[in-house]
Amino acid sequence: MRRLPLITYAIIAYMLLAFGWWSVLLLRMNESAHEARVNELAYRLAVQRQIEEPADFRQTEQYFRLTEEFERQQFMILGEAVLLILSLAGGIYLLYRSLKQEISAAEQQRNFLLSITHELKSPLAGIRLILETFQRRKELKPEIQQKLSTNALAETDRLTALVNDLLLSAKLENVFDINPEEIDLGGLIHEAADRVAMKYKTAQLHVDIEPDLPKVIGDRLGLTSVAVNLLENAAKYSQPNPVIHTSLQRGGASEVVWEVSDNGIGVPDREKKRVFTKFYRVGSEDTRTTKGTGLGLFIVRQLVEKHKGQLELLDNEPKGTTFRIYLPVRQDL
Ligand code: ADP
């Protein structure tokens, strides 16, 4: 989060001090005016011989009225000053808050643009290089040809996944409809885990599915996306040796509980809510080394909500992250 320029704080401090100072000045002037009025009263009463001793004027009705009015005015000035300072401080706070939101949204967009440019450019550059190699060196050995084309395919997969994520997140905000069918969620998790294990060779993946679980009514593509996103994140943010556990168990009366835990860097408490917002990534793009767009968890949260489920982000012990999803079994989607 960028800080406001120092001059802003100086102006705010000056305004608050100036208000305080003018209030004190006003109180003092009111005090002097009161003293003058009291002296004038004492003089008038003495001249008109309405009092015997000079000090007696303090017992008169006029003096009581003057004092009463003075106290009311002092109270009014003080009240106005407090109200003004409070409303000024409140206004500044509200302005600051909305400015902070604007800045953070702009920063997220900037991060997104930086990461998406990188994510789009690097597979394209990779594919181009491979095609150029094919063009220049006609007599490539078959095993090299094989290796190069496998790499090119992996790069196109990366691009396809990115484009799919972009489309899915745009759809989820507008027109996404669940395509409900009976799903063996345990089987789906096994398949997703196999896919992620192929991609992250150093990851140890443990899948633990309770036997005889009821089928879930849900969207196959959507739930696959949830599984792959959570498992890939677990692998990505637990380098160099990810140990990932995913389990599916019966929950309360009519739900299943699905967990994905890792032993990685974890998510700090203050970031736990924000990681689910679109394009949000912890830290800044310049310091981050992992690839990503900040769309994965946004997609996961949206999909879980479309399935009328609940999503929790917890700390794993001794380190890492646990995502827990409660998914209703029988439902009207
Ligand atoms: P991406 O992985 O593309 O950056 P996500 O939306 O999937 O985007 O995640 C948002 C952010 O949440 C990530 O950038 C990362 O900082 C944090 N995060 C997500 N999953 C994990 C995890 N398993 N462990 C630690 N941090 C995570």
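## The ligand and its surroundings

A backbone N or O atom of glycine 296 sits 3.2 Å from an oxygen atom of the ligand. The protein buries 97% of the 530 Å² that the ligand exposes when taken alone. Accessible areas come from the Shrake-Rupley method with a 1.4 Å probe; for residues, only the protein chains shown count as cover.

This is a predicted model: local features need pLDDT of at least 70, side-chain atom pairs count only at pLDDT 80 or more, and totals for chains, interfaces and linings use all residues. Residues are numbered from 1 along each chain as its sequence is written, and side-chain values use heavy atoms, with hydrogens and water left out.

The table lists them. Polar contacts are pairs of N or O atoms within 3.5 Å; within protein, one must be able to donate a hydrogen and the other to accept it, and residues adjacent in sequence count only if both atoms are side-chain atoms.

| Residue | Part of the residue | Distance to a ligand oxygen atom |
|---|---|---|
| Asparagine 233 | polar side-chain atom | 2.8 Å |
| Tyrosine 237 | side-chain N or O atom | 2.7 Å |

How many residues surround the ligand? There are 20, and the closest are Asn233, Tyr237, Arg281, Thr293 and Leu297. A residue is near a molecule or strand if one of its heavy atoms lies within 4 Å of it. By class, the shell has 10 nonpolar, seven polar and three charged residues. Here Ala, Val, Leu, Ile, Met, Phe, Trp, Tyr, Cys and Pro count as nonpolar, Asp, Glu, Lys and Arg as charged, and the others, Gly among them, as polar.

Which element gives the most to this shell? It is α5, with three residues. Helices (H or I, at least four residues) and strands (E, at least two) are DSSP runs, numbered from the N terminus.

Threonine 293 is found in the loop between β5 and α6. At 7% relative accessibility, threonine 293 is buried. Buried means under 20% relative accessible area, exposed over 50%, and partly exposed in between (1.4 Å probe, protein chains only). The side chain of threonine 293 reaches the backbone nitrogen of leucine 295 at 3.4 Å.

Glutamate 305 belongs to helix α6. This glutamate is partly exposed, at 48% relative accessibility. Glutamate 305 and leucine 327 are 22 residues apart along the chain, and their C-alpha atoms are separated by 9.4 Å.

In β7, leucine 327 is the bridge partner of valine 256. Strands β5 and β7 pair in the antiparallel sense over seven bridges. Two strands pair if DSSP finds at least two bridges between them.

Strand β5 covers residues 255-261, and five of its seven residues are buried, so the rest of the structure largely encloses β5. β5 also runs antiparallel to strand β4 (residues 243-250), and six bridges join the two. Tryptophan 258 in β5 is the bridge partner of leucine 248. A hairpin of four residues joins β4 to β5.

Strand β6 (residues 310-315) and strand β7 (residues 321-328) run antiparallel, joined by six bridges. Aspartate 315 stands opposite threonine 321 in β7. Five residues lie between the strands in the hairpin of β6 and β7, where glycine 320 takes a positive phi near 105 degrees.

The structure holds three aromatic pairs. Phenylalanine 57 and tyrosine 63 form an edge-to-face pair, 5.5 Å centre to centre, with 85 degrees between the planes. Rings of Phe, Tyr and Trp (its six-membered ring) pair if their centres lie within 6.5 Å; planes under 30 degrees apart count as stacked, over 60 as edge-to-face and the rest as tilted.

Is phenylalanine 57 buried or exposed? Phenylalanine 57 is buried, with a relative accessible area of 7%. Tyrosine 63 is buried too, at 13% relative accessibility. Tyrosine 63 also forms a tilted pair with phenylalanine 64, 6.4 Å centre to centre, with 55 degrees between the planes. Phenylalanine 64 is partly exposed, with a relative accessible area of 47%.

Tyrosine 63 lies in helix α2 (residues 61-136). Tyrosine 63 and arginine 274 are 211 residues apart in sequence and 65 Å apart in space, C-alpha to C-alpha.
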